[in-house]
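Please inspect the sequence and the model before reading the solutions.

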Amino acid sequence: MGAPAQQPILLAGITVRMLAEMAARAGYSVVSLDYFGDADLRRLCPGISLLRDRNMGYTPEILANTAGEIDAPSVVYGASLENHPHHVARLARNRTLLGNTPQTLQRVRDPWQMAATLGSAGFCFPQTKRPSSDLEPDPAKEWLWKPLHSGGGHAVQPWSGQSPAREGILQEWLAGLVGSAAFVANGQEGIVVGITRQLIGNERFGASGFRYCGNILPPSLPRDEMLSLLAEVRAIVNLMTVEFGLIGLNGLDFIWHEGRVCTIEINPRPTAPLELMEQAYDLNLFSAHVQAFSGQLPSFDLESAMQDAPAAGKAILFAEKDITIGHTSDWFEQSMRDIPYPGEQIKQGNPVCTVLTMAASPEHCQQKLEERVAELKALLY
């Protein structure tokens, strides 16, 4: 491991608390630019919150405009910016980009290029088409409508024959375990550092539909099945790394469907489950991300790590009604993150905080998450 850079790295995205915590653990100096500016982010590093410091809403354009005020020679970007290559280019102006390039983002976020790449190599990708296509969706299959520029399951909905009046795609709905893998790549090879089951639309966490609300590390699968899944994930990761030139930390979302990994999308930036992998496997993933841009990859074997490691989980709690936050001074010590401020008003449907836990098994981990969220909800409501 090389010594951390002493000049500050700009962390930019809709929320960057997790990145800041990972960077602080690795000894890097960082400055943040995000929307939420949560209380635990402020204890980690200086920065600008669009909400709290500027009383602004969030758009990638506003974020890129504000980045010009911050003196930092390099930048790492987080969630949602992968859908806006033009604004990533603006963030990187006169800075070293520690992330996938705008050109890479345009290619890897194109579902048609994804389908062609995976299909030609014999991997599964759900049947996907434009709603305006002359090809009628097979009525024997179930279909989802998805916006082209979104994340976290936002606005995904079952297709009933009519599509919303905005740009999107129709994609075949496949039954199975909804999973995600995280990997670090150097453009030639990818190292898988963890596989999780995604928590989607869990009403106990205030979510519904296809909304992402957390992860369990690892999925609860028999060992033989888990190793088969991992082998296919590794093959897909290496294919996508070489085909699209992926560098740094990335994510692969998939469905484990009838014994096959069916790729849903690549998230070409650091993803939400990374803090669970740092916890469970004692990894230093921010350093791995930075060093990947010098071609270095960590020496890590996930099979060995999974044998003795505990399970880890995170749940995002969404407000079930409008609330006003009370005291939060002890939340950090209770393994809560993305912490709001005392007196803060949170509207129904907006995120309240993230709850982290560890346990002996994935099943026990989810149980503990649900118990802890229930206790928190009783306090809040």
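**Exercises on aromatic contacts**

Both Y281 and F300 are buried (under 20% relative accessible area; exposed is over 50%, partly exposed in between; 1.4 Å probe, protein chains only). The model is predicted, so local features need pLDDT of at least 70 and side-chain atom pairs count only at pLDDT 80 or more, while totals for chains, interfaces and linings use all residues. Residues are numbered from 1 along each chain as its sequence is written, and side-chain values use heavy atoms, without hydrogens and water.

**Exercise 1.** Determine how many aromatic pairs there are, and classify the pair of Y28 and F286.

*Solution.* Step 1: rings of Phe, Tyr and Trp (its six-membered ring) pair if their centres lie within 6.5 Å; planes under 30 degrees apart count as stacked, over 60 as edge-to-face and the rest as tilted. The count by this rule is three aromatic pairs.
Step 1: for Y28 and F286, the ring centres are 5.2 Å apart and the planes stand at 65°, so this pair is edge-to-face.
Step 2: Y28 is buried at 8% relative accessible area, and F286 is buried at 1%.

**Exercise 2.** Classify the pair of Y281 and F300.

*Solution.* The centres of the two rings, Y281 and F300, lie 5.9 Å apart with planes at 40°, so the pair is tilted.

**Exercise 3.** Identify the charged ends that sit over the ring of F332.

*Solution.* Step 1: the criterion requires NZ of Lys or CZ of Arg within 6 Å of the ring centre and within 35 degrees of the ring normal.
Step 1: the charged end of R43 sits over the ring of F332, 4.0 Å from its centre.
Step 2: the charged end of R337 also sits over the ring of F332, at 3.7 Å from its centre.
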